[in-house]
Each structure stands twice: as structure tokens, then as C-alpha cells.
Amino acid sequence: MQTFSNMRRNRFSKEAIKTTLLLLAILAYGALSDILYWLPPLLGVAFILFCEFMDKGKVHYAVPLLVYLLFFEASKGFPFLSTIIFFFIVYFLIIPHIRYLVHSGKYLLPFYALFIYYSYFLFCYFLGSFMGIDVPEMSWILILFSVIEAIILVLII
């Protein structure tokens, strides 16, 4: 008979370690993308991960992404909380309609990346004109980044 037969692994500590490592990796990549100009900010990938975490009910995994988005906004000069508000609006209002119309959402991932970049800048333009603040313009490098992210997602699928 085993002495420790009723001992179990603590899943909470395992989840906390995963969340902490995810937060550190995301923040390290965010810092590197600010230093090295040619690294894409992975806004589309962050949205897809956000959708996956929200679909699976693992909201604690979405918290590091939200922290990354706050750093993204601060470093690029976007309005405070604009990406988080935009992600929630798109996730709860637009994505359910797209999933209803097109049942194979796996093949739409590259289009989500392109959609997030362009619609986020459109959202920031309207938000900036409504609030009377300056927001960064959509540049050719961000268009290139959106295409690179879409190609990465095509290769992953």
C-alpha cells in the first residue's frame, strides 16, 4: 500500500506557472518589437489567441495578452484601452456572426489577422476624431506586418 496514495498534483500551481511564463514571454516579445523595428507587433495573432482563450473559458490566459496590448498602446501612441475595447467589441459582436455564416473558422484565421489590423486602425481613426486626439497613421510597414502575420497563420494551419 502506498503511503501517499491520496496525494494529487496541484493544478492551480501549474496553471499559475503557465500564465506567468506566458506573461513574461509576451512582455519580452513586446519589448523586442519596440527595440527591433522589423519585428511585427503580432496584433492579429494576439486577437486569435484572445479568441481561443475566451472560447475555452481560460480568461486567466487572456490577462497577459491584455497587459501586452496595454504596452502596445503605450509604445505606439494609441488611445488608452483602445485595443482591449476593440478586441471585446469584435469578439462579442462581429465574430459570432462570421462563425454563424462560415462554419470552418480555422481557415479564416489569416483573414482575421488582416481584418484586425485594418479595422483597428479604422476604429482608432473614428475614436480619435470623436475624442479630438491624434492617433498614429496606418503606414506601409504595418500593412506589411499584417501580410506577414497572415502568411505565418497560413503556414501554421
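**Exercise 1. Helix 5**

How many residues does helix 5 have, and what distance does helix 5 reach from its first C-alpha to its last?

*Solution.* Before we start, note that this is a predicted model, in which local features need pLDDT of at least 70, side-chain atom pairs count only at pLDDT 80 or more, and totals for chains, interfaces and linings use all residues. Residues are numbered from 1 along each chain as its sequence is written, and side-chain values use heavy atoms, with hydrogens and water left out.

Step 1: Find the helix. Helices are DSSP runs of H or I with at least four residues, strands are runs of E with at least two, and both are numbered from the N terminus. Helix 5 covers residues 109-131, which gives 23 residues.

Step 2: Check the span. The expected value is 1.5 Å times one less than the number of residues. Helix 5 reaches 32 Å, close to the 33 Å expected.

Step 3: Look for the buried face. Buried means under 20% relative accessible area, exposed over 50%, and partly exposed in between (1.4 Å probe, protein chains only). The buried residues of helix 5 include Y112, A113, I116, Y117, Y120, F121 and C124. An α-helix has 3.6 residues a turn, so residues three or four places apart point the same way.

Step 4: Name the partners. Counting a contact as heavy atoms within 4.5 Å, the buried residues of helix 5 pack against helix 2 (43-56), helix 3 (59-76), helix 4 (82-101) and helix 6 (140-156).

Step 5: Look past the end. G132 follows helix 5 with a positive phi, near 75°.

**Exercise 2. The whole chain**

Describe the protein chain by its secondary structure, its box and its surface.

*Solution.* Step 1: The secondary structure comes to six helices and zero strands, in the pattern α-α-α-α-α-α along the sequence.

Step 1: The C-alpha atoms fill a box of roughly 70 × 40 × 30 Å along the principal axes.

Step 2: Of the 157 residues, 36% are buried. Among contacts with a separation of 6 or more, 72% join residues 24 or more positions apart.

Step 3: The accessible surface is about 10,300 Å², and carbon and sulfur atoms account for 72% of this area. Such areas come from the Shrake-Rupley method with a 1.4 Å probe; for residues, only the protein chains shown count as cover.

**Exercise 3. The nonpolar core**

Which residues of the largest nonpolar core touch the most other members?

*Solution.* Step 1: A nonpolar core is a set of buried Ala, Val, Leu, Ile, Met, Phe, Trp, Tyr and Cys residues joined through side-chain atoms within 4.5 Å.

Step 1: The largest core has 37 residues, and L43, F47, F50, L69, F87, I116 and Y120 touch the most other members. Helix 2, helix 3, helix 4, helix 5 and helix 6 each supply at least two residues of this core.

Step 2: Zoom in on F87. Leaving aside residues up to four places away in sequence, F87 touches L43, A46, F47, F50, L69 and I116.
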